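Dear colleague,

Here is the structure that I promised to hand over, with the sequence alongside.

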Amino acid sequence: MPIQYYIYLSLVLFSIGIIGVLTRRNAIIVFMCIELMLNSVNLLLVAFSKMHLAFAMANDKLATTVGTDGQLFVFFIMVVAAAEVSVGLAIIVMLYRNTHSVDINFLNRLKN
Amino acid sequence: MNAIIVSALMGVVMMLSGILFQNKSLMKHLAAAGLILLLVANLLQSYGKYVIQVDTHNLLHFEQFGIFFNTIAIVATLIYVLLSGKDIENTGVHPAEYFALVFFVLCGVTILTSFNGLLMLFLGVEIMSIPLYILTGADKKNLKSNEASLKYLLMGSFSTGIMLMGIALIYGGSGSFGINPGTPELTVGGIPKVSYLTVSGLILLFVSMCFKVSAAPFHFWTPDVYDGAPSVFTSFMATVVKAAGFFAFMRLFESQSDLMGATWKILLSFVIIATLLIGNITAVFQQSVKRMLAYSSIAQAGFMLFALYAGNDLAKEGILLYAAAYSLATIGVFAVLIKMKDYTLDGFNGLAKTQPVLALATTICLLSLSGIPLTAGFFAKYYMLAAVVKAGGALWIVIVAVLFAAVSVYYYFRVIQAMYFKDGAAETSEITGGFKIGLLLVAGLIVLIGLLPSVLLNYFYF
């Protein structure tokens, strides 16, 4: 498949994530939308990694390691996303214990 | 490398000592000892001595500039722990963990001063931010703290998503995660030829870094988060972390700015003017000193952005000086603010009569923040603006900056006026003699750097 398809797909996913963050009011769903943004980036990185590999292989049959850094990056993103989720869910639980709600509209107490 | 390893290890040590030792007041001494160890390790590195020799495969690049910034960040944290250690303990029931998180933040800071590629930039930013989300929500029963923490988390991970998209697009365009893409080919008319993927990636990266350092128009989370977080941690967030963010920002775009040509300066000057305008004008109308300091930190961010605008050697000296001056002064002001019973401007009325030493130190810190001569803040601002003049052109932006610095004098002096010229009985919690001495030392350091900025900068060259 041409690389454009992957770029469009991940941009669409990324935009869905952004729209979700901006419009949804449930903290957990906002958080899921952020995860969607991160995962669309993962998809794009893998696609680019394969693209660079294909380009390099066309010129030099032995260049089999080109593009591995892109796939390595994906693992780092997964690890960081997991860390972020664990902290984020802990914060949401803490908020829920105090207010019995996970609604973001609640977050306007500081604007005075 | 030393600083990265030692700070991460110290974080683990602090966490375990929370289980091993029941004595809570021990923790701040342990943290101070750890910071001194970290300082020594970092200084050893500047003389080329390593704790462990690690091949970083060109992911990290250590140079004097970054190591010296580490020193400033560690010293600022040490002063912060010595002044406000007691208040960190009183935030919650697990003091050891707060210190552990502070060490993990420092680990992120030291990565950000030495990254040599977008992968380490991303990891550094995240290692720095994730502990901060927890510290912001440290006051678990307080709804404002909860709210600030969730807001910071959502905004922070949102900007991380944007940063990652930028990195992915740059990777697609250039095929590597390096930050030195080399000189691009010039087409007719001297316009560099770069892929549209790279350019859109750079713009997304720029936006996300603006988020992280709270430059306008991406600053909206800052006042709420700084206001809601426990004051001790606001002090840390607004100083060491913010300065490190700027350092990374500057390192990242040092070599990239050629790629974007003239558009880069236009984009940046828009952001600088907006940051100065919003920060300064909004700070004027604040009644709470804590919220005023949050807006003033946005305004100071505008000044630090000048280092990016100029991008020459003088700007490098400037950002070091600015980081030192701004961190010292803000830590000093916050240390006093934490002791106050009432955070509003009226709460400071008559502080000079009840606590003359505190009022004097606060005054010196505020003078430094507003950039009055004979304090460190003056030279910090001077170096920044001189760097822009040296870089050529754009004199108008310097004039605008000086005008906004004059506006900032107004709101800083309102606090001084409240302390000295208004009647009232400012209530403070118990002040120890050691705290007063520490505060006077900070004020002394500010004046010393203000008289002889070369004292600080000479270390940079030796």
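Helices (H or I, at least four residues) and strands (E, at least two) are taken as DSSP runs and numbered from the N terminus. Please bear in mind that this is a predicted model, in which local features need pLDDT of at least 70 and side-chain atom pairs count only at pLDDT 80 or more, while totals for chains, interfaces and linings use all residues. Residues are numbered from 1 along each chain as its sequence is written, and chains are lettered from A, with ligands numbered from 1, in the order in which they are written.

Chain B as a whole

The secondary structure of chain B comes to 19 helices and zero strands, and its C-alpha atoms fill a box of roughly 70 × 55 × 45 Å along the principal axes. Of the 462 residues of chain B, 58% count as buried, where buried means that 20 or more other C-beta atoms lie within 10 Å of the residue's own, exposed means 12 or fewer, and partly exposed lies in between, with C-beta atoms placed from the backbone. Two residues are taken to be in contact if their C-beta atoms, placed from the backbone, lie within 7 Å; among contacts in chain B between residues at least 6 apart in sequence, 82% join residues at least 24 apart.

Helices and residues within chain B

The axes of α1(B) (residues 2-20) and α2(B) (residues 26-46) come within 9 Å and cross at roughly 165°, the axes being lines fitted to C-alpha atoms, for helices over the stretch in contact, and the angles running from 0 to 180 degrees between N-to-C directions. That makes α1(B) roughly antiparallel to α2(B), since angles under 35 degrees count as roughly parallel, over 145 as roughly antiparallel, 65 to 115 as roughly perpendicular and the rest as oblique. The residues that make this contact include B:V6, B:M10 and B:V13 of α1(B) and B:L30, B:L37 and B:L38 of α2(B).

Seven of the eight residues of α8(B) (residues 221-228) are buried, so this helix is largely enclosed by the rest of the structure. Its buried residues, among them B:P223, B:D224 and B:Y226, pack against α5 (118-136), α6 (143-174), α9 (231-254) and α12 (289-310) of chain B. In the loop between α7 (196-212) and α8 of chain B lies B:P217, and the peptide bond from B:A216 to B:P217 is cis, with omega near 0°.

Within α12 of chain B is B:M304, which counts as buried with 26 C-beta neighbours inside 10 Å. Leaving aside neighbours within four places in sequence, B:M304 is in contact with B:F246, B:I319 and B:Y322.

Where the chains meet

The contact between the chains takes 33 residues from chain A and 31 residues from chain B. On the side of chain A that touches chain B, the elements that give two or more residues are α1 (3-23), α2 (27-59) and α3 (68-99) of chain A, and α3(A) gives the most, with 16 residues.

Two backbone points to check

Phi of A:H100 is near 55°, a positive value in a residue other than glycine; A:H100 lies in the segment after α3 of chain A and is exposed, with 7 other C-beta atoms within 10 Å. Phi of B:L374 is near 75°, again positive in a residue other than glycine; B:L374 is found in the loop between α15 (356-370) and α16 (376-391) of chain B and counts as partly exposed, with 14 C-beta neighbours inside 10 Å.

With best wishes
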